[in-house]
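Here is a short tour to read with the model open beside you. Take the headings in any order you like.

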Amino acid sequence: MRRFSLFNATSLTFGFAFLYLPMVILIIYSFNASQLVTVWAGFSTRWYGELLRDQEFLDAAWVTLRVAVFSSTIATVLGTMAATVIVRAGRFKGRTLFSGMIYAPLVMPEVITGLSLLLLFIGIGLDRGILTVVLAHTTFSMCYVSVVVSSRLATFDTALEEAALDLGCSPFEAFRLVTLPIIAPAVISGWLLAFTLSLDDLVIASFTTGPSATTLPIKIFSAVRLGVSPQINALSTILIAFVAVGVIAASLATKRAAVRADKDARAAERAAG
Amino acid sequence: MRRFALIAVPYLWLLALFLVPFLIVLKISLSDITLSIPPYSPKLDLSAGWAGFVEFIRALDFENYVFLTQDDLYWKAYLSSLWIAFVSTLITLAVGYPIAYGMARAAPEWRPTLLMLVILPFWTSFLIRVYAWMGILANEGLLNQTLLALGIIDSPLQILNTTAAVQIGIVYTYLPFMILPIYATLEKMDESLLEAAEDLGCSRLSAFWLVTFPLSRGGIIAGCFLVFIPAIGEFVIPSLLGGSDTLMIGKVLWEEFFSNRDWPVASAVAIILLAILIIPIVLFQRNEQKEREAGT
């Protein structure tokens with residue numbers, strides 16, 4: 001094992017300080033009593049109170065949450081199907097176009113995705129609102145889901161599925177009883193990824209939404225365009241806390257699952273030996 | 001039958017909501033702006049049959065593209081987007097490499113935690129991470145206050161609303177994309193190669209330059225593309241941190257569409273942006289393929 005040098009320690013310290021300090025500062029200033037965001041005037045939770053009484057923000061949060069739940073769920077189903085097609089379906093007509101359409105949205109600038117979908121919705125005369133944002137978010141997040149799921153599917157031993165088929169399962173049963181439990185962690189992380197992408201999206205939502213469905217990022221963006229606002233600091237703190245708790249809980253859960261699987265494997269080994 | 005449905009559902013979804021919209025952009029980029037709803041012509045009139053289609057095709061032209069080459073706002077915006085993305089990518093590499101290197105050298109039991117600390121900001125709202133810098137970089141912001149208090153500067157520096165602020169924003173938000181692929185290559189590197197280099201008389205520094213750095217090339221290239229490609233079309237960062245003189249093409253497209261309501265020109269801007277992006281995307285794919293082949 002090579003020595004962990006002073007240089008390594010310094011670069012990690014500065015690196016993580018750079019990554020986290022801006023957010024820490026934002027959180028600290030969300031508890032600032034002053035209206036002036038750069039002057040510290042004592043501890044206060046005033047901005048949280050104002051935020052929770054602001055109906056527009058609450059409405060926007062509700063719109064965002066609904067869009068994220070619907071779009072990430074549809075995207076997970078479509079993305080898992082697409083991953084199965086890419087890994088398992090073999091050759092079929094139009095395969096190149098299909099994989100092209102899966103990967104292209106990942107590198108497409110958001111402004112272009114947003115513009116093109118808006119022009120489609122106008123072209124077919126679909127009223128812009130929650131539905132159009134859900135359609136837009138589903139389309140780009142299903143591609144992320146399919147990348148996550150297909151990397152898991154690619155390492156999956158097809159013999160297990162074949163055994164299930166030999167034992168009399170229908171192909172759908174074999175998928176539900178054998179494949180799905182094994183790829184479940186990838187499907188869940190695909191869903192989480194789609195959910196956060198949707199929560200986070202400003203550009204595509206701005207293009208595809210109508211006046212009836214303002215999402216939280218759109219609301220934040222229009223509020224901060226002119227400068228820093230203490231209410232947005234409070235809102236950011238709530239969102240950061242939400243994500244941090246979620247990610248830490250998820251990583252602890254997977255760690256525990258790994259430990260349990262390890263224990264099971266050892267127990268099985270002992271039983272066999 | 002079941003296989004057919006499995007392929008058809010995602011296929012049709014992507015055709016309808018990815019490929020068709022893209023073709024519409026292409027078509028509108030060849031149309032002319034008009035004062036109508038929707039604000040462009042020609043419109044395809046299917047009721048006129050084949051003759052209507054021929055007339056529709058005849059009315060398309062490359063006028064908007066010619067316009068883009070004549071007005072220097074556009075090509076300046078393309079060039080400056082590429083330049084800002086390029087400089088930011090190099091800075092991100094300079095900041096990210098030592099972090100990835102430190103992570104790979106840390107004790108194995110620490111690595112999952114460090115990895116999570118790099119990924120965590122990625123899950124946090126992009127918009128909020130950019131916004132966080134507005135309070136820091138402002139004239140009366142925390143950075144200027146600190147520098148003034150320390151006596152390093154006499155008057156506040158104008159950082160917010162400049163190109164430098166945009167670059168800071170790009171480096172900050174895209175840093176995890178640089179760290180992760182570099183860390184991945186460094187982590188699986190064979191340590192005995194370094195020992196061999198040192199046994200053969202290399203100093204630690206030259207062992208790094210001659211062994212570690214070349215071996216992490218794949219990760220460096222991947223990381224650079226992962227920062228460079230999305231940075232070119234960036235909208236949020238230039239509009240929150242940049243000033244009126246910071247030209248970036250994503251912002252130009254947005255304004256062309258929402259402020260000027262010129263859909264044909266906005267579409268032409270989008271098509272050229274894609275044409276520019278194809279080069280780095282193809283190079284990136286090639287690098288990924290090479291890495292995969294080397295890995296197996």
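## About the model

This is a predicted model, in which local features need pLDDT of at least 70, side-chain atom pairs count only at pLDDT 80 or more, and totals for chains, interfaces and linings use all residues. Residues are numbered from 1 along each chain as its sequence is written, while chains are lettered from A and ligands numbered from 1 in the order in which they are written.

## The largest nonpolar core

The largest nonpolar core holds 147 residues, and Leu115(A), Ala100(B), Met134(B) and Val269(B) touch the most other members. A nonpolar core here is a set of buried Ala, Val, Leu, Ile, Met, Phe, Trp, Tyr and Cys residues joined through C-beta atoms within 7 Å. Helix α8 (residues 163-187) of chain B gives the largest share of this core, 15 residues. Helices are DSSP runs (H or I, at least four residues), numbered from the N terminus. In chain A, domain 1 (56-224) and domain 2 (228-255) each give the core at least three residues.

Have a look at Ala100(B): leaving aside neighbours within four places in sequence, it is in contact with Ile179(B), Ile182(B), Tyr183(B) and Leu186(B). Contact means that the C-beta atoms of two residues, placed from the backbone, lie within 7 Å.

## Where the chains and domains meet

The contact between the chains takes 57 residues from chain A and 66 residues from chain B. On the chain A side, the helices that each supply at least two residues include α1 (6-30), α3 (55-88) and α11 (230-272). The largest share of that side, 11 residues, belongs to α1(A).

Within chain A, the domain assignment gives domain 1 (56-224) and domain 2 (228-255), with bounds that come from an automatic or database domain assignment. Their centres, taken over C-alpha atoms, are separated by 23 Å. Each domain puts 5 residues into the contact between them, and on the domain 1 side the largest share, 3 residues, comes from α10(A).

## A helix pair in chain A

Helix α6 (residues 130-154) and helix α8 (residues 171-200) of chain A pack at an angle of about 155 degrees, with their axes 9 Å apart. Axes are lines fitted to C-alpha atoms, for helices over the stretch in contact, and angles run from 0 to 180 degrees between N-to-C directions. The two helices are therefore roughly antiparallel to each other, the word used for angles over 145 degrees. Among the residues of α6(A) that meet α8(A) are His137(A), Tyr144(A) and Arg152(A), and the α8(A) side includes Ile183(A), Gly190(A) and Leu197(A).

## Single residues worth a look

In chain B, two residues other than glycine have a positive phi: Asn161(B), near 70 degrees, and Arg261(B), near 50 degrees. Asn161(B) sits in the loop between α7 (142-149) and α8 and is partly exposed, with 19 C-beta neighbours inside 10 Å. Arg261(B) sits in the loop between α13 (249-258) and α14 (263-295) and is exposed, with 12 other C-beta atoms within 10 Å.

Methods:
A residue is buried if 20 or more other C-beta atoms lie within 10 Å of its own, exposed if 12 or fewer, and partly exposed in between; C-beta atoms are placed from the backbone. Angles under 35 degrees count as roughly parallel, over 145 as roughly antiparallel, 65 to 115 as roughly perpendicular and the rest as oblique.
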